[in-house]
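Notebook open, structure loaded. I want to go through the packing piece by piece and jot down what I find.

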Amino acid sequence: MVTLTKYLIGAVAALAALALFHIDPALAQEAAAAAETTPPAPTLDTGDTAWMLTSTAIVLLMTIPGLALFYGGMVRKKNVLSLVMQCFAITCLITLVWFVAGYSLAFTDGGSLNSYIGGMSKALLKGVEKESLTLTIPESVFFTFQATFAIITPVLIVGAFVDRMKFSALLLFMALWSLIVYAPITHWVWGGGFLANAGVLDFAGGTVVHINAGIAGLVCAIFLGKRYGYGTENMAPHNLVYSVIGASLLWVGWFGFNAGSAVGANSSAGMAMAVTQIATATAALAWMFTEWLVHKKPSILGIISGAVAGLVAITPAAGFVGPVGALWIGLAAGVICFFASTTIKKALGYDDSLDVFGIHAVGGIVGAILTGVFALEAIGGKPGLLEGNAGQVLTQIWGITATIAWCAIATFVILIIVNILVGVRVSQAVEVEGLDINLHGEVVQ
Amino acid sequence: MKLVMAIIKPFKLDEVRQALTELGLQGMTVTEVKGYGRQKGHTEIYRGAEYAVNFLPKIKIEVVVPGKLVDKAVDAIVAAAKTGQIGDGKIFVVPVEQTVRIRTGETNESAL
């Protein structure tokens with residue numbers, strides 16, 4: 001429905017522009033005449049296309065090298081190459097998975113199953129021609145933009161099981177996960193599936209990307225078990241400067257992620273950018289001050305973790321809330337994700353090594369619920385709780401619940417299958433000596 | 001000839017080097033080391049996970065000194081490396097049987 005509306009608005013705007021500037025009255029009349037009989041053809045907008053080309057490039061930058069460095073700095077030196085290798089290899093692998101089937105399963109009509117999954121009509125990008133359009137941009141750009149989202153989501157999961165997963169198992173798991181978990185949930189929310197029809201608001205992927213990755217990460221961390229020596233050995237980050245560079249690249253790239261999700265160079269993108277900046281800065285400071293109170297020192301790992309938590313939480317809300325809503329979302333994300341990644345994690349005892357659950361799932365849930373609270377009709381066309389629409393919060397919770405349920409069950413089943421086929425975990429000897437030398441034959445001196 | 005081996009705080013290296021140079025000693029060997037004495041270690045906290053770091057970074061200086069300069073050298077190191085705080089380090093003096101300068105074949109004190 002949203003797609004159709006945008007489609008119509010785009011076409012009407014293009015016709016209005018033609019009429020206004022009298023570029024070619026004959027063509028305008030012809031187009032107007034055509035509009036009376038058949039639906040107007042979508043028109044390419046060069047400004048929108050330019051912004052989406054840019055967004056696509058900087059969202060890829062979030063994964064390589066952004067996430068690779070953010071995570072790489074946090075692992076021990078003996079495993080840094082394996083971590084970076086995982087990020088890079090998943091980027092390549094998921095590009096092909098997305099091209100072969102993922103994009104089609106997420107963004108085409110699935111016929112009788114359309115509520116749950118798309119079809120295979122665009123497998124291998126069949127029918128996606130040079131001139132094909134999605135809204136006002138070439139479909140080739142839309143495909144690549146969405147590919148960068150499909151890439152970053154599984155790469156986020158990597159943080160949960162660093163230092164202990166087999167590389168072969170990782171490749172198999174990620175390819176299956178992308179098709180069985182990521183593509184359907186993307187279809188539910190953005191491809192016309194049942195969550196889109198229920199009115200779930202998820203501007204840039206709070207549910208699709210972050211809750212999804214965070215829950216999968218938790219299931220993986222529990223399934224694989226703790227790192228050998230967890231709780232007794234020193235597992236301190238080996239170089240936090242890498243992590244700071246990575247987090248900074250994530251922040252920059254996130255403008256492509258959130259403002260790019262407007263799929264156009266317009267006022268929605270502008271507001272998405274502003275609220276992203278506000279929520280991120282607020283969450284970074286909120287985490288830092290909370291840590292300062294609890295652990296007596298404001299840490300660099302703390303402030304960058306808070307920034308990422310803020311980026312995650314504002315993701316579903318970006319096109320729907322205003323600056324004040326962003327402030328509250330950032331504040332909540334910074335404080336809640338701090339406790340989720342420290343006190344709660346310690347109490348529950350799982351080894352979610354780099355806090356994929358504590359930051360991405362928890363931050364995503366905070367953001368998704370608060371989107372239902374702070375959504376403003378004047379910004380995204382949907383009112384939230386503060387404007388009297390309490391039902392939106394329940395709709396958001398329904399979206400969260402459905403995502404968690406499918407993601408947790410399917411991730412668990414995929415892990416069982418991969419474990420039977422190749423085994424998910426490296427031997428203890430390999431783990432103690434390090435993955436770099438044993439799995440890849442290389443080391444950082 | 002004695003080997004004077006001093007473990008000192010890293011930021012004191014330059015003052016110690018200068019003090020020994022002023023005594024007329026030419027050359028020394030410096031190594032970055034880790035260890036602990038009464039200072040023990042410290043605690044690092046990453047997202048709430050505490051790690052006790054038992055070994056602290058120190059600098060080890062090794063210099064072979066002619067017998068008549070040993071006391072002066074030890075005094076110079078103590079004066080230069082002292083902060084009065086716990087963790088200032090230690091000095092060990094051990095006898096050296098023989099020294100050879102590889103380039104010329106000179107031996108013992110003339111090789112220093």
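Which residues have the most contacts inside the largest nonpolar core? I looked these up before anything else, keeping in mind that this is a predicted model. The core holds 142 residues, and the ones with the most contacts inside it are L67(A), Y71(A), L250(A), V275(A), A317(A), I329(A) and A333(A). Helix α6 of chain A, residues 167-190, gives the most to this core, with 14 residues.

**Entry: around L250(A).** I picked one of those residues and listed its partners, skipping neighbours within four places in sequence. L250(A) is in contact with M62(A), G66(A), L67(A) and F70(A), and also with V308(A) and L311(A). L67(A) is itself on the list of residues with the most contacts in the core.

**Entry: the other core.** I also noted a second, separate core of 14 residues. Among its members are I8(B), V16(B), L20(B) and A73(B).

**Entry: α3 and α4 of chain A.** Next I checked how helix α3(A), residues 46-72, sits against helix α4(A), residues 80-107. The packing angle is about 155° and the axes are 9 Å apart. The cut-off for roughly antiparallel is over 145 degrees, so α3(A) and α4(A) count as roughly antiparallel to each other. The crossing is right-handed. On the α3(A) side I have T63(A), I64(A), L67(A), A68(A), Y71(A) and G72(A) making the contact. They meet V80(A), L83(A), V84(A), C87(A), F88(A) and T91(A) of α4(A). Sorted by class, I get nine nonpolar and three polar residues here, with no charged ones. L67(A) and Y71(A) turn up again, having been listed for their contacts in the largest core.

**Entry: α1 and α2 of chain B.** From α1(B), the contact uses E15(B), V16(B), A19(B) and L20(B). From α2(B), it uses A73(B), A76(B), I77(B), A79(B), A80(B) and A81(B). The class count is nine nonpolar, one charged and no polar residues.

**Entry: where the chains touch.** How many residues does each chain put into the contact? Chain A gives 11 and chain B gives six. On the chain A side, α11 (300-314) and α12 (323-348) are the elements giving two or more residues. The largest share, four residues, comes from α12(A). By class, I find three nonpolar, six polar and two charged residues on that side.

How values were computed
Residues numbered from 1 in each chain as written. Chains lettered and ligands numbered in written order. Predicted model: local features only at pLDDT ≥ 70, side-chain atom pairs only at ≥ 80, totals over all residues. Axes fitted to C-alpha atoms, helices over the stretch in contact; angles between N-to-C directions. Parallel < 35°, antiparallel > 145°, perpendicular 65-115°, else oblique. Left-handed = near helix turned anticlockwise from the far one by under 90°. Contact = placed C-beta atoms within 7 Å. Nonpolar A, V, L, I, M, F, W, Y, C, P; charged D, E, K, R; others polar. Core = buried A, V, L, I, M, F, W, Y, C linked by C-beta atoms within 7 Å. Buried ≥ 20, exposed ≤ 12 C-beta atoms within 10 Å, placed from the backbone.
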